[in-house]
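Morning, everyone. Please bring up the model, and we will go through its cavities and its cores.

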Amino acid sequence: MNKLVVSLSPHVHSGDSVGKNMYGVLLALVPALLVSFYYFGLGAILVTAVSVASCVFFEWAINKYLLKNPVNTVRDGSAILTGVLLAFNVPSNLPLWMVVLGALFAIGVVKMTFGGLGCNLFNPALAGRAFLLISFPVQMTTWPLPGQGFFTYMDAQTGATPLALFKQATKGDLSALNDLPSAVEMMLGNTGGSMGEVCELAILIGLVYMLVRKIITWHIPVSILLTVFCFGGLLHLADPTTFIDPTLELVSGGLLLGSVFMATDYVTSPMSKKGQLVYGVAIGFLTVVIRTWGAYPEGMSFAILIMNAFTPLINNYFKPKRFGEVIKKK
């Protein structure tokens with residue numbers, strides 16, 4: 001005779017699941033993915049395919065042979081999502097063996113070492129990017145220019161990203177500003193850069209989709225973007241010749257990609273709304289600081305990884321109200 005086991009409340013299922021949300025994020029990434037294929041052609045397709053296949057394989061192999069986990073976590077879509085995001089954070093002409101190494105670090109070291117999905121401290125895709133950037137700085141900062149034909153890959157012509165041009169200008173080379181694309185070109189993706197960061201309009205379409213479907217909330221992306229705009233705007237007002245216009249700051253580099261798809265990662269971001277606002281403001285502030293005074297032109301990835309480490313502390317301070325909890329007024 002089967003016994004009825006009653007668990008703690010709540011008992012009504014919301015309809016959400018890990019797989020549903022992961023595949024929802026993947027669907028939101030489709031516009032940016034198609035744009036990257038259009039601009040970078042075969043290179044973007046190869047890098048994405050190898051990244052996704054490597055992430056899925058490493059998660060399956062580690063689960064089966066090292067952790068001996070009977071539950072197949074590959075089907076929840078998190079490994080596929082990590083693969084796509086890792087591909088979005090690297091150049092489309094990156095050698096494929098480096099992509100495999102990045103996937104191994106992202107899944108094997110950052111995710112599965114801590115116990116798999118829900119246990120990792122850092123965003124796997126961003127940690128994989130940081131690993132590749134430190135290990136192979138030349139290859140990871142050689143950016144193909146878009147629109148060179150479908151079959152270009154390793155032989156693609158390369159050029160500086162808008163953030164690199166800004167950095168050159170602040171160091172006294174004002175001629176770099178002559179090669180700077182317009183804000184419209186940056187919004188449409190007609191610039192050099194990593195695969196997923198070039199078309200801001202495609203990322204915004206994904207943001208609207210996830211907000212409408214309630215996959216994410218507005219707190220983290222909006223707080224990041226507002227902080228970058230306000231802090232960058234204050235610096236620009238103080239010295240327009242040294243600090244870039246905050247509008248260009250918003251549409252350049254991986255700011256939108258990181259704000260929408262990586263800072264909002266369920267595992268590595270705070271749970272409460274107040275905590276998410278604090279988290280977002282800190283990421284925005286650190287991004288501007290690293291971009292302005294750091295060695296690298298881009299600071300979004302490092303800012304998110306730094307704040308990933310502070311997420312447990314933020315969760316400890318900004319605790320969400322428990323279901324059914326009654327707050328007594330003093």
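First, a term: helices are DSSP runs of H or I, at least four residues long, numbered from the N terminus. This is a predicted model, where local features need pLDDT of at least 70, side-chain atom pairs count only at pLDDT 80 or more, and totals for chains, interfaces and linings use all residues. Residues are numbered from 1 along each chain as its sequence is written, and side-chain values use heavy atoms, with hydrogens and water left out.

Cavities, then. On a 1 Å grid over the protein atoms alone, a cavity is a set of points where a 1.4 Å probe fits but cannot get out; lining residues have an atom within 4 Å of a point. Volume is the space filled by probe spheres set on the points. The whole structure holds four cavities of 30 Å³ or more. Helix 1, helix 3 (78–88), helix 5 (124–135) and helix 12 (255–262) each supply at least two lining residues. Helix 3 gives the most, four. By class, 13 are nonpolar, five polar and two charged.

Now the cores. A nonpolar core joins buried Ala, Val, Leu, Ile, Met, Phe, Trp, Tyr and Cys residues through side-chain atoms within 4.5 Å. Buried means under 20% relative accessible area, with a 1.4 Å probe and protein chains only. The largest core has 71 residues; Met-210 is among those with the most contacts inside it. Helix 1 (residues 18–40) gives the most to this core, ten residues. Apart from it lies another core, of six residues, including Met-186 and Ile-244.

How values were computed: Buried means under 20% relative accessible area, exposed over 50%, partly exposed in between (1.4 Å probe, protein chains only). On a 1 Å grid over the protein atoms alone, a cavity is a set of points where a 1.4 Å probe fits but cannot get out, and a pocket is an open set with protein on both sides within 12 Å along at least five of seven lines; lining residues have an atom within 4 Å of a point. Ala, Val, Leu, Ile, Met, Phe, Trp, Tyr, Cys and Pro count as nonpolar, Asp, Glu, Lys and Arg as charged, and the others, Gly among them, as polar.
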